[in-house]
Amino acid sequence: MKFIKSVIQTMKDTTWLTAKETRRDTTTVVVLSLAFAAFFGVVDYAAQALINLLV
């Protein structure tokens, strides 16, 4: 029972994000993921073009 009480108390003491903060953080993750995907796509395309020129 001590464990359960400890878990409940920890959950009460936890500071949860607001909906606005969650939306902001989610948007940041999605935008950065798309930016990295685009960057690596361009790098991959350039590397393929360079290899095709050398072969």
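Rings of Phe, Tyr and Trp count as a pair if their centres lie within 6.5 Å. By that rule, a search of the whole structure finds 2 aromatic pairs. Phenylalanine 36 and phenylalanine 40 form an aromatic pair with 6.3 Å from centre to centre. Their planes are 20° apart, and the pair is stacked. Planes over 60 degrees apart count as edge-to-face. The planes of phenylalanine 39 and phenylalanine 40 stand at 70°, so this pair is edge-to-face. Its ring centres are 5.2 Å apart. Phe36, Phe39 and Phe40 form one aromatic cluster.

All of this is read from a predicted model. Where does the stacked pair sit? Both phenylalanine 36 and phenylalanine 40 lie in helix H2, which covers residues 19-54. They are 4 residues apart, about one turn of the helix.

Now step back to the whole chain. The chain has 2 helices and 0 strands. Its radius of gyration is 23 Å. A compact globule of 55 residues would have a value near 10 Å. The box filled by the C-alpha atoms tells of the dimensions: roughly 70 × 25 × 10 Å along the principal axes.

What share of the residues counts as buried? Of the 55 residues, the share is 0%. The chain exposes about 5,400 Å². Carbon and sulfur atoms supply 72% of that area.

Valine 29 gives a local view of helix H2, where it lies. Its relative accessibility is 52%, so valine 29 counts as exposed. Valine 29 and methionine 1 are 28 residues apart in sequence. In space, their C-alpha atoms are 39 Å apart.

The chain carries 6 positive and 4 negative charges. The mean positions of the two sets are 15 Å apart. How many salt bridges does a search of the whole structure find? The count is 1. Arginine 24 forms a salt bridge with aspartate 25. The closest N and O atoms of arginine 24 and aspartate 25 are 3.1 Å apart. That lies within the 4 Å cut-off, so the contact counts as a salt bridge. Aspartate 25 itself is partly exposed, at a relative accessible area of 30%.

Terms used:
Residues numbered from 1 in each chain as written. Predicted model: local features only at pLDDT ≥ 70, side-chain atom pairs only at ≥ 80, totals over all residues. Heavy atoms only, no water. Rg over C-alpha atoms; globule rule 2.2 N^0.38 Å. Buried < 20%, exposed > 50% of the residue type's maximum accessible area, 1.4 Å probe, protein only. Areas by Shrake-Rupley, 256 points an atom, 1.4 Å probe, with all protein chains shown as cover. Lys, Arg positive; Asp, Glu negative; His and termini not counted. Charge placed at Lys NZ, Arg CZ, Asp CG, Glu CD. Salt bridge = Lys/Arg side-chain N within 4 Å of Asp/Glu carboxyl O. Phe/Tyr/Trp six-rings, centres within 6.5 Å; stacked < 30°, edge-to-face > 60°.
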